Amino acid sequence: GLSMFEPIRGADFQTRGLLLALRAGEPLRIARALAMEAGHRAAVGAPGAPRVAAPLQVAQQIGREIDSPYARGMIEMVRGFASLMLGEWKSARTVLDSAEQLFRDHCTGVTWERVTIHNFVLRALVQMGEVAELKQRWSMLSRESHERGDLYAATMLNAFYMTMIKLAGNEQLTTEAELEATLDRSTEGTFNLQHAAAFESLIHIYLYRSDISTAWLRIGSVWPRYAWSILLRIRMTRIDMLELRARCALAMAEKTGEPDVFLRKAADLASRLEKEGPKWALAHALYIRAGIAACNQDSVRAIENLTKSATHYEESEMPLRAHLLRYRLGEIQAGPETRALREKAEQWFRGQGIVSPARWAGMYAPGFAKIAGESIETSY
């Protein structure tokens, strides 16, 4: 249970649990513990991938011998989670849905397992930008969690996913004070995944509202606590947070009259993302490089990096990000081809239920005002 609240502490208890299961010799407990061990190894992304297969293989063999649907469900859940950590978003969704069906149809007393799977699937949808499906699933899961009084599910659903759905619909948010209170409680000595979700939500809210200074100050004040928590050892989390911080730096650079300090920070974060390895991290880095060029009014380099980044996002199963950058290209590059790309992007946004593409672009792809001469909407 700790693994979805404080994963580092959860890993400690997981190791203890695995040793106790092996000592007890009960097959189902061993299969479950081995599967969870593989899950913790998968959290570090590609560097941990070679160490995931062995415990899963043994767990699968035990699951076959005892003919346990629960063991099969756990193994599928971990496989889906491993795909998520590797940035294989579509595969993760497919495998995780299969695991959830196994638990739903053949097991009882598996609420934690099913809710955890739903969390992973929703995160994959966020990464892909499948906002329409995210909203559909969230609405159903939120209703079910309320009906059964499931605090774990409600916390998971409302901390981040609800924020993104509300922003997509350009709806007024009523949870900002609660998110701030959740984040402030992290000063009591802990910074867990729920604090991280509240933090991520708030930064996106501020960027969406063009409250750039607050976003920058908040990310600066919280970052040391985030780093201290060791959550940044989770590769997907680390990549997401490096990109979010760079996004805020670009937003500040285009806002202030003295952008150099923010552009240097953005460049440093882009270099760190390039070293991460996955194509989607490289796509982030190329977008940041494009924003830096735009802030320096280098249109040629900005367009070149935007184009490359959009292609990398497309190949990384992240169409929302690709469309956002092509939307930006339509602003800064004249011609029928880029105009068509912008129109296609706007059509895609509408299909996802994103009411204000301009604000969504301001949230996810700031940095291009100096070469686009854009006029950002102010109504919210």
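Start at H204, which is buried at a relative accessible area of 2%. Buried means under 20% relative accessible area, exposed over 50%, and partly exposed in between, with a 1.4 Å probe and protein chains only. This is a predicted model, in which local features need pLDDT of at least 70, side-chain atom pairs count only at pLDDT 80 or more, and totals for chains, interfaces and linings use all residues. Residues are numbered from 1 along each chain as its sequence is written, and side-chain values use heavy atoms, with hydrogens and water left out.

**Stop 1: around H204**

H204 lies in helix 10. Helices (H or I, at least four residues) and strands (E, at least two) are DSSP runs, numbered from the N terminus. Now show the contacts of H204, meaning heavy atoms within 4.5 Å. Leaving out residues up to four places away in sequence, H204 touches F160, M164, L167, L244, R247, M363 and Y364.

**Stop 2: the largest cavity**

On a 1 Å grid over the protein atoms alone, a cavity is a set of points where a 1.4 Å probe fits but cannot get out; a pocket is an open set with protein on both sides within 12 Å along at least five of seven lines; lining residues have an atom within 4 Å of a point. The largest cavity has a volume of about 140 Å³. Grid points are joined across faces, edges and corners, and a volume is the space filled by probe spheres set on the points.

Colour the lining by class. Seven residues are nonpolar, three polar and six charged. Here Ala, Val, Leu, Ile, Met, Phe, Trp, Tyr, Cys and Pro count as nonpolar, Asp, Glu, Lys and Arg as charged, and the others, Gly among them, as polar. Which helix gives the largest share of this lining? Helix 12 does, with five residues. Helix 6 (111–128), helix 10 (193–208), helix 12 and helix 16 (319–332) each supply at least two. In total, four cavities reach 30 Å³ or more.

**Stop 3: the second largest cavity**

Select L125, V126, G129, E130, V131, L134, M164, L320, W360 and Y364, which line the second largest cavity. Helix 6, helix 7 (131–148) and helix 18 (357–364) each give two or more of these residues. The space inside is about 60 Å³. By class, this lining has eight nonpolar residues, one polar and one charged.

**Stop 4: W360 and the core**

Stay on W360. Beyond its neighbours within four places in sequence, W360 is in contact with V131, M164, L167, A168, Y208, L320, L324, I354 and A365. Next, bring up the largest nonpolar core, which has 136 residues. Helix 12 (residues 235–255) contributes the largest share of this core, twelve residues. A nonpolar core is a set of buried Ala, Val, Leu, Ile, Met, Phe, Trp, Tyr and Cys residues joined through side-chain atoms within 4.5 Å. The residues with the most contacts inside the core are L84, L207, I288 and W360. In soluble globular proteins, nonpolar side chains tend to be buried together.

**Stop 5: A290**

Move to A290, in helix 14 (residues 279–295). Buried or exposed? A290 is buried, with a relative accessible area of 0%. Past its neighbours within four places in sequence, A290 is in contact with A302, N305, L306 and F368. Draw a C-alpha to C-alpha distance from A290 to E304: 7.6 Å in space, for 14 residues in sequence.

**Stop 6: cysteines**

How many disulfides are there? Zero, where a disulfide is a pair of cysteine sulfur atoms within 2.5 Å. For C248, the nearest cysteine sulfur is that of C295, 13 Å away. C248 counts as buried at 1% relative accessibility. C107 is buried too, at 15%.

**Stop 7**

The largest pocket has a volume of about 910 Å³. Select S3, P7, F81, L193 and I234, the closest to its centre of the 41 lining residues. Helix 8 gives the most to this lining, with six residues. The lining has 27 nonpolar, eight polar and six charged residues.

Finish at the second largest pocket, of about 370 Å³. G1, Q14, G17, R32 and M36 are the closest to its centre, out of 18 lining residues. Helix 1 supplies the largest share of this lining, six residues. Its classes are nine nonpolar, six polar and three charged.
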